[in-house]
Amino acid sequence: MTEVVKPLSAVEIRDLCLRHTLYDWSAQSGLQPMAIAGAKGVHFTTVDGRRFIDFNSQLMCVNAGHGDHRIIDAIKEQAEKLAFISPFMATEPRARLGKKLAELLPGDVDKVFFTLGGTDANENAIKIARAVTGRSKVLAHYRSYHGSTGNAVMATGDPRRWPNEHAGGVVHVLDPYHGVERGTEAAGPALQQLEETIRLEGPATIAAFILEPVAGTNGILIPPDGYLEGVREICTRHGILMICDEVMTGFGRTGRWFAVDHWGVVPDLITMAKGLTSSYVPLGAVGMRPHVASYFDDHVFWGGLTYNSHPLGCAAALATIRAYEEDDMVGNSARLGAVLARQHQRLRERHPCVGAVRSIGLFGAIELVRDRKTLEPLAPFNGTSPEMKAIGQALLDAGLYTFVRWNTIMTNPPLCITEAELDEGFEILDGALEIGDRALAG
């Protein structure tokens, strides 16, 4: 006789999760995580029946939207055939996904190493660059995030690096964006600063420059025209491998398959995860050009993962890419990206607390300020404020979930969103920004 298991209440789920599991990037006391029952499309529902529009695709990762049965069915079918096999074997999902990625990835990138997610994709990209070049140093932007382990967190430029810092051979350079007060400088001066850093560090000591083509959690930082092209030229000239971290920007988020496609740049290595499977199951990858991959024809690649090329992950990725293509979600990201940009501008015109807006495709951010003249942020760098906390709570109270960090509010909905759903989210944002306006009036 089958035992009937009584569903847990929202309070029981939350209390058990807090008692027996550790939440990341958080001091545990005072946490009140929402207990989630299910999700569909651009919405998710809590156990106690509240419905939220997901305006950040969770962690900028559920690109295809929640509950897409094409992806779910592919995972089920693969589990019934072959749930796991050693990564030293060959499987049809692995074969087909490798071929498909070679078709989608920029330029002549045609070989991938599969990983579990974005952090270890960046770890392995750095490892590969150091092996191929025989050099040790890595350049990275200050305003960046590349993961939470070892070399990935050392390459991270934002304050999440500080508690994890150790000697790691990473040299940080300034991003062209310098905060809401100063804004973004032109490509020329930014590239001159990069060139100077390389000269002072010694070009022959630098293996790679890892960068997000559009920085994500640091505020959707879109490079000035000519910057990525200039980075590509500088890296080529000095024999430095260019690693583009497309973990967040890949698979349609910016209105192209990959963000580098906007500028026609082909990196030596490209990392991906998140949108690769729409995060239905974990999977990441490092793509590499032939001149990088060929090094390992006669040299051992000293790396490996038990779950490398996991059959369920590969099957999920194939189904996810198929869903993107069938519904033209990449095109939808570009088309509704124009609508999102107009909505951003409308909020900027209506609310004095909106100091800056940025977006590319369905990848956007709103920066709030305390003073329109000085552009003092509504919360300090690496901090928060009562007003930002109140705005975040107001959004949740009105049924909108998104990422509120420092003085920034993210606008990164699933790529399947409709214009009506996009309007719904911005109407909620419109109301919550009144709190910021009152801070200015005071």
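Is Lys-99 buried or exposed? Lys-99 is exposed, at a relative accessible area of 55% (exposed means over 50%, buried under 20%, partly exposed in between, with a 1.4 Å probe and protein chains only).

1. Basis. This is a predicted model, in which local features need pLDDT of at least 70 and side-chain atom pairs count only at pLDDT 80 or more, while totals for chains, interfaces and linings use all residues. Residues are numbered from 1 along each chain as its sequence is written, and side-chain values use heavy atoms, with hydrogens and water left out.

2. Overall form. The chain has 14 helices and 15 strands (DSSP runs numbered from the N terminus: H or I of at least four residues for helices, E of at least two for strands). Its radius of gyration is 22 Å, which agrees with the value near 22 Å for a compact globule of 442 residues (taken over C-alpha atoms; the rule is 2.2 Å times the number of residues to the power 0.38). The C-alpha atoms fill a box of roughly 70 × 65 × 40 Å along the principal axes.

3. Burial and contacts. Of the 442 residues, 55% are buried. Among contacts between residues at least 6 apart in sequence, 72% join residues at least 24 apart (contact: heavy atoms within 4.5 Å).

4. The structure holds 22 salt bridges (a side-chain nitrogen of Lys or Arg within 4 Å of a carboxyl oxygen of Asp or Glu). One of them joins Glu-103 to Lys-99, with the closest N and O atoms 2.9 Å apart. Both residues lie in helix α4, four residues apart, about one turn of the helix. Glu-103 is partly exposed, at 47% relative accessibility.

5. Salt bridge between helices. Arg-346 and Asp-430 form a salt bridge at 3.6 Å, N to O. This pair links distant parts of the chain, 84 residues apart: Arg-346 belongs to helix α11 (residues 329-350) and Asp-430 to helix α13 (residues 419-432). Asp-430 counts as buried at 7% relative accessibility, whereas Arg-346 is partly exposed at 25%.

6. Other charged groups. Glu-367 and Arg-358 form a salt bridge with the closest N and O atoms 3.0 Å apart, and both residues are buried. Asp-68, Arg-70, Glu-326 and Asp-327 are linked in a network of salt bridges.

7. Nonpolar patch. Phe-84, Leu-116 and Tyr-307 form a nonpolar surface patch with about 280 Å² of accessible area together (patch residues have over 30% relative accessible area and no salt bridge; nonpolar side chains, Val, Leu, Ile, Met, Phe, Trp or Tyr, are joined within 5 Å, like charges within 9 Å; areas come from the Shrake-Rupley method with a 1.4 Å probe, and for residues only the protein chains shown count as cover). Phe-84 sits in the loop between α3 (69-81) and α4 (92-104), and is partly exposed at 37%.
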